[in-house]
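Please look through the sequence and the model shown here, and then work through the questions and answers that follow.

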Amino acid sequence: MIGTRIKLARKKAGYSLRGLAEAMGGKVSAQAIGKYERGEMTPSSDVLIALSKALGVTLAYLMDSQGIELTAVDFRTKASTTAKDRARVETEVIEWVERYLQIEQILELEGNNWKQPFEQLKVIHSIEESEDLANSLRNHWKLGFDPIPNMTELLEEKGLKVLIVDLPNAVSGFTCLVKRPAGLCDLPVIVVNKKCSLERRRLTLAHELCHRLIDPQYLSAKDEEKAATRFAGAFLMPRFHLEKEVGKHRHSLGYQELIYLKRMYRVSGAALLVRLRDIGIIESSVLTYMFQSVARNWRTQEPEELEPENKRGEYEQPRRFERLCYRALAEDLISLIKASELLRTRVENVEIGLKGPQLSDANSR
């Protein structure tokens, strides 16, 4: 596994074998690095240190103490992502998951992982069937028909690992599996693009959730994506609730009403309009007219965003990992230094998070 980690980190850094050898000051040859990556040789400790410095990754990442790897990584827009982009994201996900698993093991929380809500993956034969799947999941999770205030919090509560990071502009998110050794179950991870608006991130989370629930064997790749999008709309904007708020049939809607609705469901204006069309509240001709008039720029520019652009990625953040770190710290299961290492922040910041700014300042004085 060390070889796999070296190769992934090298691609993330954008080095060729020769380029990495040069970045290490000629400590080892390009041929030797190739042998490390293929598992034909094992690097010594001093070479590992040099590799970690040149590649900008931790020793723990290269040494692969937990034996995990990512599988079923699907960016769904591979044509517009480079190998370097994919390697960068995969490396970041692996490093984060390893830290996450460490703190769960310390707190003995192995049983808190994702459990498939249905007995088996749901086989769907059409895009429309994803509407029933969304209703079934809401019923199973006892969510009722009200809008979901925080999608990230909901998915974390259900055992899914959620990560918000910078992704290539064309990629709103993806889902993958973390494969673990010794018969431990695979862990699903949903990664969403920090650069996207909150409205789009919520839809992406619901979209990727669908991919964790369905067996798409009877759908084309294109229809699978459409089914996941339909599921996201149905999950975030249930038909019953929408009909109650809007009416069962409308010939037109005004700007302010649409803004109120998008704030209520915390979705994009364009997704709201498409949802109204999908469940027959408005006709396709009305949707076309809306996109030519009141909502003419909504496909490319979100109206009255829920999250200011200068705070992109700050709302509905994943909080569970950080919360678990502070829980372990408060119980003296880890040290300040270990918490700092896990949270990737300075010890002073961790101390403030543990004691509060006033006590922390008093102690430093």
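**Pockets and a buried glutamate**

Q: Which helices each supply at least two residues of the lining of the largest pocket?
A: This is a predicted model, and its largest pocket has a volume of about 1100 Å³. Of the 41 residues that line this pocket, the closest to its centre are Ser 172, Arg 200, Leu 203, Thr 204 and Thr 229. The helices that each supply at least two lining residues are H9 (198–213), H10 (221–236) and H13 (269–278).

Q: Where does the largest share of the lining of the largest pocket come from?
A: By class, the lining of the largest pocket is made up of 13 nonpolar, 13 polar and 15 charged residues. The largest share of this lining amounts to eight residues, and the element that provides them is H10.

Q: How many charged residues are in the lining of the second largest pocket?
A: The second largest pocket holds about 610 Å³ of space, and of the 25 residues that line it, the closest to its centre are Trp 96, Leu 163, Ile 164, Gln 317 and Pro 318. Helix H6 (83–106), strand S3 (161–165), helix H15 (320–330) and helix H16 (336–343) each contribute at least two residues to the lining. Divided by class, the lining of the second largest pocket has 11 nonpolar and three polar residues, and the number of charged ones is 11.

Q: Why is H9 largely enclosed by the rest of the structure, and how many of its residues are buried?
A: H9 has 16 residues and spans 23 Å from its first C-alpha to its last, which is close to the 22 Å expected at 1.5 Å a residue. A residue counts as buried when its relative accessible area is under 20%. H9 is largely enclosed because, of its 16 residues, the number that are buried is 15.

Q: Is Glu 307 buried or exposed?
A: Glu 307 lies in the loop between helix H14 (284–292) and H15. Its contacts, leaving aside neighbours within four places in sequence, are with Cys 196, Ser 197, Leu 198, Arg 201, Arg 312, Gly 313, Glu 314 and Tyr 315. Because its relative accessibility is 0%, Glu 307 counts as buried.

Q: Which backbone nitrogens does the side chain of Glu 307 reach?
A: In sequence, Glu 307 and Glu 199 are 108 residues apart, whereas in space they are 8.3 Å apart, C-alpha to C-alpha. The side chain of Glu 307 also reaches two backbone nitrogens, at 3.2 Å that of Gly 313, and at 3.1 Å that of Glu 314.

Definitions and conventions: Residues numbered from 1 in each chain as written. Predicted model: local features only at pLDDT ≥ 70, side-chain atom pairs only at ≥ 80, totals over all residues. Heavy atoms only, no water. 1 Å grid on protein atoms, 1.4 Å probe; cavity = no way out; pocket = protein on both sides within 12 Å on 5 of 7 lines; lining within 4 Å. Points joined across faces, edges and corners; volume = space filled by probe spheres on them. Helix = DSSP H or I, 4+ residues; strand = E, 2+ residues; numbered from the N terminus. Nonpolar A, V, L, I, M, F, W, Y, C, P; charged D, E, K, R; others polar. Expected span 1.5 Å × (residues − 1). Buried < 20%, exposed > 50% of the residue type's maximum accessible area, 1.4 Å probe, protein only. Contact = heavy atoms within 4.5 Å. Polar contact = N/O pair within 3.5 Å; in protein donor to acceptor, adjacent residues only side chain to side chain.
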